[in-house]
Amino acid sequence: MKNIFSLFFLLSSLSLFAQDSFKEVDELLKKYDQPDEPGFSIGIVEKGKLVYAKGFGAANLDHQIPNDEHTVFRIASTSKQFTAACIFLLEEQGKLDLDKSLRSIYPDFPAYADKITIRQLVHHTSGIRDYLTLAYLSGLDDNTSYYTDETIMEWLIHQKETNFEPGSEYTYSNSGYWLLGQIVEKISGENMAVFARKHIFEPLEMENTHFHNNPNQIVKNRATGYTDVEDRFEISRTVLPMIGDGGIFTTIVDFNKWVDELSKPSKLSATFWKNMKTRGRLNNGSEINYAGGLDYGSYKGIKKIGHNGAFVGYLANFDYFPEEELAIFCFTNRNDVGPWTITNQILAILFKDKLESKEEKKKQKKEQAKTITLSANDLKSFVGEYTLEPGATVSVALEENKLQFTQNWNGSSYTVDPISKTAFILPKNADILFEFENIENEMAQTLIVFQGKNKSVCERVNKFDASTLKLEEFVGTYFSEELKTTYTISQTGKTLEFKMGNRGPWTLEPSAKDVFSAQGILFEFVREKEKNIGFTVNAGRAKNIFFIKK
């Protein structure tokens, strides 16, 4: 909810804010510079020069080692651009055709992989279920569980279908980028960690950057990742060796070399960068915002490309503004401080004059004039709870003749202003549009959120009388052939509980006759001649996985 289209004159030089503005940045960030708390390192590039490179907080709390521009961080999914780079380099070398099918490389995949191309894996349009979600549904987690690349390949080749017809939609998938890493190894004959070192990191002199495919590898100057647990910090790490969807370890100084190459290519070809920056397209020809591990977007109307990431105790964010020749990248070793939030706060300082221009004020005034007034009676049909995806809901309440939205996944709460009887915008941000549809029995059944080219559909959660359920019908043991995993459902009093192997139990909340949810998973029971034969589970990036009742 950051995209506010701004009309302003772009100055040819950003050096005007270099001194005073960076003092404001220091003032903004000094609260994070605590020796007894983890923190982050941040770099700001202006016209090809690293003009700001500092660390805040501790890289290691055991020894109170501070973060600085040479501290090595795991950058999670921000790594994906380097995986895409390896793929495009293989294409440039004439070793890989991106329109080749996945099954032509890995024939053990089901027939649906004949329709999946390497290019679709790059652009997240393949429909392949996300392996991290599959791991979660198998009862595993990122911190303590251990599984291998062979385990993931087994999961994926046993999936009987995709989330959608390949090429018909965009849905972010870590499986796609993990597979790209495997393809690099199969085509080049060397692990992607080696290939990337030879063809990217060494030519760019990124001496402290690597794909971390060995969890036991010693890394000089590495920041330890931490998670916030009530009133203390605990170490948060993983023993997983996967690379492709993540896995890059780097520093502010090294990442600057990659940004420099992106903005002014010298070692990698113009064709390579054109491919990296080319957005994907769906089967219907429509363009998406995702390119080669780079996501197109904007900050208050200022165009940018970049990526963020989150894994165990590390968060990362990278934003590059081509027209302004400005880049900001922030890597944290704590999971309770968002680098995207810090970046936006810094951008508000750096772009302050532009955002406060007369043209911007005039536009905001014009936007505000579009709003109308609706009575409580007009608004009451929108009140309720709406599901975005299993486990993710938006609650809409009526507060002082205004609709108050609350997102259950992060606690974010905000009011909206009406611009028609069914459409609403965020105050001072007309680029985010909320529209209610399908009015039945004086209650809206659907909430649609429009943000740029993106459209999210949320359906009303209707109250269900669970007293009519025969809970004993659902009790039993269920097995998924695709996950090789057993779930157990038992009855405790007037509630149902389920376990994933030895994990749990968790209470199943009913929302319809044969529909329950728990732990971000939607359970939809399947019947034959009124007899319960099993259920499908849907959990974000993995949909319609069947469990048969034993």
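Guide: Let's begin with polar contacts: a polar contact is a pair of N or O atoms within 3.5 Å; within protein, one must be able to donate a hydrogen and the other to accept it, and residues adjacent in sequence count only if both atoms are side-chain atoms. Here, the side chain of Ser126 reaches the backbone nitrogen of Ile128 at 3.2 Å. This is a predicted model, where local features need pLDDT of at least 70, side-chain atom pairs count only at pLDDT 80 or more, and totals for chains, interfaces and linings use all residues. Residues are numbered from 1 along each chain as its sequence is written, and side-chain values use heavy atoms, with hydrogens and water left out.

Visitor: Is Ser126 buried or exposed?

Guide: Buried means under 20% relative accessible area, exposed over 50%, and partly exposed in between (1.4 Å probe, protein chains only). Ser126 is buried, at a relative accessible area of 2%.

Visitor: Which residues does Ser126 touch?

Guide: Contact means heavy atoms within 4.5 Å. Leaving out residues up to four places away in sequence, Ser126 touches Ile116, Gln120, Leu121, Thr162, Phe164 and Pro166. From C-alpha to C-alpha, Ser126 and Leu282 are 10.0 Å apart in space, yet 156 residues apart in sequence.

Visitor: Where is Ser126 found?

Guide: Helices (H or I, at least four residues) and strands (E, at least two) are DSSP runs, numbered from the N terminus. Ser126 is in the loop between helix 4 (118–122) and helix 5 (131–137).

Visitor: How do I read helix packing?

Guide: Axes are lines fitted to C-alpha atoms, for helices over the stretch in contact, with angles from 0 to 180 degrees between N-to-C directions. Helix 9 (residues 252–263) and helix 10 (residues 270–277) pack at about 100 degrees, with axes 10 Å apart. That makes helix 9 roughly perpendicular to helix 10, a label for angles of 65 to 115 degrees. Trp258, Glu261 and Leu262 of helix 9 make the contact with Trp273, Met276 and Lys277 of helix 10. Among the buried residues of helix 9 are Trp258, Glu261 and Leu262. At the start of helix 9, a side-chain oxygen of Thr251 comes within 3.4 Å of the backbone nitrogen of Val253.

Visitor: And the strands?

Guide: Two strands pair if DSSP finds at least two bridges between them. Strand 24 (residues 495–500) pairs with strand 25 (residues 503–512) in the antiparallel sense over 4 bridges, and Glu497 has Thr507 as its bridge partner. Their hairpin has 2 residues between the strands, and Gly501 in the turn has a positive phi of about 60 degrees. Strand 25 also runs antiparallel to strand 26 (residues 515–518), joined by 3 bridges, with Glu509 opposite Ser517.

Key: Expected span 1.5 Å × (residues − 1). Parallel < 35°, antiparallel > 145°, perpendicular 65-115°, else oblique.
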